[in-house]
Amino acid sequence: MTDPNTISPLDLETPEKPFLDANELVINMGPQHPATHGVLRVILRLDGEKVLGLECVIGYLHRGVEKIGEHRTYTMFNPYVDRMDYVAAVSNGLGYCETVEKLLNVEAPPRAQHVRVILTELNRIASHQLWLGTHALDIGAITPLFYTFRDREEILKIYEKYCGARLTTHAFRIGGLQYETYAGFEKEVKNFLDFFRPKIDEYEELLTTNRIWVERTKNVGAISAQDCIALGVTGPVLRASGVKWDLRKAQPYANYKNFDFEIPTGQNGDTYDRYLVRMAEMRQSVRIIEQAVGAIPEGPIMAKVPKVMKPAAGEVYHSIEAPKGELGYFIVSDGSTQPYRVRVRPPSFVNLQALDLMCRGQLVADVIAVIGTLDIVLGEVDR
Amino acid sequence: MIAKFKGMYGSGIVPLTYAGQNYMVADRSLIPEILQVLRNEEQFDYCVDITALHYPTREKQFDVIWVLYSFARNERIRVKTQILDGASLPSSVPIWAGANWLEREVFDMFGIRFDGHPDMKRILLPDGWKGHPLRKDYGILQQDNEWVQINLGIESGQ
């Protein structure tokens, strides 16, 4: 074999010898690709099977939510936020309601806070279930999808009974809750927990030691804690890289400080660790709901809020730990009935920026795995 | 924290508080330095958000806001500056890589340019679109009809 060092520079410059491998291939993925979880277009730069880099083209679902917010009253805008991250509508509502409450200087009563925590944590489980099912399906395991959708149904049934909607729930109101819990709510939530606890083990039995799953996820799309922070990546992706940071603990909102739970973290920041972190988060959510459901305090469910909301001129930034990361709202009031500006800081949008870095050097097939593991919802990316 | 900046830069900084949240309005000329200091000396290593506000009746029409967070301090800070329509700002991508898409969104929605940004182009709206929708003079039903007709082959998007 010729030693590459002995080849004279002249040889490298001869154009008569085309190296087919050296040709970069640019291919387009999406926006209608089923594994992009919506309408995400990715332009891939490939060297054979290896990804050299990629660019995301987004905006296909842009509906101008922030512009709409400036033309609706505070109350009217509330259901719009459900349509951003439509698999975690309850979380979006919690963030929005709490931000406006801060602006109005009111606080939801303890009973409302408690029910909010229960519904939001159920939502976290539902969101992670949907992520697990679709992520596993993308990688080629079809069974988890049936399992998770079957079990998610139980959560949606609770939502439907509570507020009439399954997906875009509009469960919370500014100042508390619109609806009192229905008769048997606590019992049904408890039943769900008893039903769901062994189901997490079932999911894990299917995947955690499954050889194909491990091969497809271990050391795939790894990202370091340093890169996560530089890119502003939050949520399970950040935690899987080893950063023990969760807004429920770092800057507690609602009444999360009353509950005992842990922040699961990973070490390698790869797809497998993110899978483990989200599985552990579902268990922690179960733990929070367990504590909350037995101790819902009596009392009113709405704080005293004016019928016509006119917060004094000012601005508030408030954020919550949504299932996907830090979901922030920056609302500016000019003293009128409509917000002067509603800015949404969507976790999916910021996390998606890391896709390029995470996919570099990986195989084309791994791009699918990485998109899945980022857990993006395009409704939230594009707003 | 903000008091410290006030001590350092004097009249260039206006400290404000609303609903228990402290923020500061800094002079445009101080922005590059303040952002550097916040990142490198005060450990604000996470750029949470960059956004803007439009006040069409004001002389300096735009407010640009940086929301920063420090993991070490568990503290959030908001820096605000006012700029004229058409004025640009230095990009903070060299400071926080995550500022990339956030600045592109500000450009897309408000038309504010960030100098030194590696890829200053629209992000949510199509490249050829005219107008910046989050400006107050852009109507809620307004669209770039020309773009819609050429690219979608329909009379109007409404």
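**View 1. Where chain A meets chain B.** Here 31 residues of chain A are in contact with 25 residues of chain B; two residues count as in contact if their C-beta atoms, placed from the backbone, lie within 7 Å. Before going on, note that this is a predicted model, in which local features need pLDDT of at least 70, side-chain atom pairs count only at pLDDT 80 or more, and totals for chains, interfaces and linings use all residues. Residues are numbered from 1 along each chain as its sequence is written, while chains are lettered from A and ligands numbered from 1 in the order in which they are written. On the side of chain A that touches chain B, at least two residues come from each of α2 (65–70), α4 (89–104), α9 (225–231), β6 (314–322), β7 (325–333), β8 (341–345) and α13 (347–352) of chain A. Helices (H or I, at least four residues) and strands (E, at least two) are DSSP runs, numbered from the N terminus. Sort that side of chain A by class and you get 13 nonpolar, 9 polar and 9 charged residues. For this sorting, Ala, Val, Leu, Ile, Met, Phe, Trp, Tyr, Cys and Pro are nonpolar, Asp, Glu, Lys and Arg are charged, and the others, Gly among them, are polar.

**View 2. The two domains of chain A.** Chain A splits into domain 1 (4–57) and domain 2 (65–382), with bounds from an automatic or database domain assignment. Taken over C-alpha atoms, their centres are 36 Å apart. Look at where they touch: 16 residues of domain 1 of chain A are in contact with 18 residues of domain 2 of chain A. On the domain 1 side, β2 (41–47) and β3 (50–57) of chain A are the elements that give two or more residues. β3(A) gives the most, with 6 residues. By class, this side of domain 1 has 10 nonpolar, 4 polar and 2 charged residues.

**View 3. A pair of helices in chain A.** The axes of α5 (residues 110–139) and α6 (residues 143–163) of chain A come within 8 Å and cross at roughly 160 degrees. Axes are lines fitted to C-alpha atoms, for helices over the stretch in contact, and angles run from 0 to 180 degrees between N-to-C directions. α5(A) and α6(A) are therefore roughly antiparallel, a label for angles over 145 degrees. Among the residues that meet are Leu122(A), Ile125(A) and Leu137(A) in α5(A), and Pro144(A), Phe149(A) and Ile158(A) in α6(A). The contact of α5(A) with α6(A) has 12 nonpolar, 4 polar and 2 charged residues.

Methods
Angles under 35 degrees count as roughly parallel, over 145 as roughly antiparallel, 65 to 115 as roughly perpendicular and the rest as oblique.
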